[in-house]
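Visitor: Could you take me through this structure? I would like to begin with the overall picture and then turn to details.

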Amino acid sequence: MLVDELKNIIDKSNNIVFFGGAGISTESGIPDFRSGNGLYNLVENKKYSPEEMLSHNFFYSHTKDFYDFYKEKMIYPKAKPNAAHIALARLEEMGKLKAVITQNIDGLHQAAGSKNVFELHGSVHRNYCISCNTFQDLDFIIKCKDTPKCPNCGGIVKPDVVLYGEGLDKDIISGAVNAIANAEVLIIGGTSLVVYPAAALIRYYQGNKLILINKSATQYDDKANLVINDSIGKVMNEIMTFDSNEKTWKTLLNL
Ligand code: ZN
């Protein structure tokens, strides 16, 4: 069984890094806006494409329209971590997993308890005034009926999310590169590895335990040491299981 092989690799390592894509979030009910069935194929606004509406320029030139779209399509405050998020948080707690690198902006890894998370595209949970840099949480954004304005200075509040036309945070990139370069085991899940900067980042991996877990095949399957074409939530649920007597998630690794 492929999952047994995965369990065996995880059981033997204390230096695992996880790189995750939209597939992890879709299993928590958050649509993948880059996939074929995702948001980007919805044509709801005739005047602008979603890529335009989620761009740096659009944020500054049409802030209210940006927020109307963003609040409707990019924020899922009721989404809950699934088995994959929970298993990864447990592995970190056990000292086996060193870092989670994610392309998602929903904060579900932290909600599950993960501590060392590199959010390549930022997070909807962090928002800053563009004038005085005062922090606001997601709740603040949700409660604003109009364009979110800073209570301190009246400046526009901007989500700490990487918009089209914006560069990635250099510290986050170098942290992610460092984690990948030093990892013994690299598990890549829920991504087809076509979205920048995924493919560029995994080139830094130097080990011989590259594991790909994705529903469909990727162009990196032949470079991986283990490929599991299945749902990341399902696979990780088999690694960790819920003990209903003790009401806790337990590792199956030593069984
Ligand atoms: Zn301000």
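Guide: Buried residues make up 49% of the 255 residues in the chain; buried means under 20% relative accessible area, exposed over 50%, and partly exposed in between, with a 1.4 Å probe and protein chains only. The model is predicted: local features need pLDDT of at least 70, side-chain atom pairs count only at pLDDT 80 or more, and totals for chains, interfaces and linings use all residues. Residues are numbered from 1 along each chain as its sequence is written, and side-chain values use heavy atoms, with hydrogens and water left out.

Visitor: How many helices and strands does the chain have?

Guide: The chain has 11 helices and 11 strands. These are DSSP runs numbered from the N terminus: helices are H or I with at least four residues, strands are E with at least two.

Visitor: Which residue caps the N-terminal end of H6?

Guide: Asn82 does, through a side-chain oxygen 2.9 Å from the backbone nitrogen of Ala84. A polar contact is a pair of N or O atoms within 3.5 Å; within protein, one must be able to donate a hydrogen and the other to accept it, and residues adjacent in sequence count only if both atoms are side-chain atoms. Just after H6, Gly95 takes a positive phi of about 85 degrees.

Visitor: Changing topic, how many aromatic pairs are there?

Guide: There are 7 aromatic pairs. Rings of Phe, Tyr and Trp (its six-membered ring) pair if their centres lie within 6.5 Å; planes under 30 degrees apart count as stacked, over 60 as edge-to-face and the rest as tilted. The rings of Phe59 and Tyr60 are edge-to-face, because their centres are 5.1 Å apart and their planes stand at 85 degrees. Phe59 also makes an edge-to-face pair with Tyr67, at 5.9 Å centre to centre and 65 degrees between the planes.

Visitor: Which residues form the aromatic cluster, and what lies over the face of Phe59?

Guide: Phe59, Tyr60, Phe66, Tyr67 and Tyr70 form one cluster. Lys158 lies over the face of Phe59, 5.6 Å from the ring centre; a charge sits over a ring if NZ of Lys or CZ of Arg is within 6 Å of the ring centre and within 35 degrees of the ring normal.
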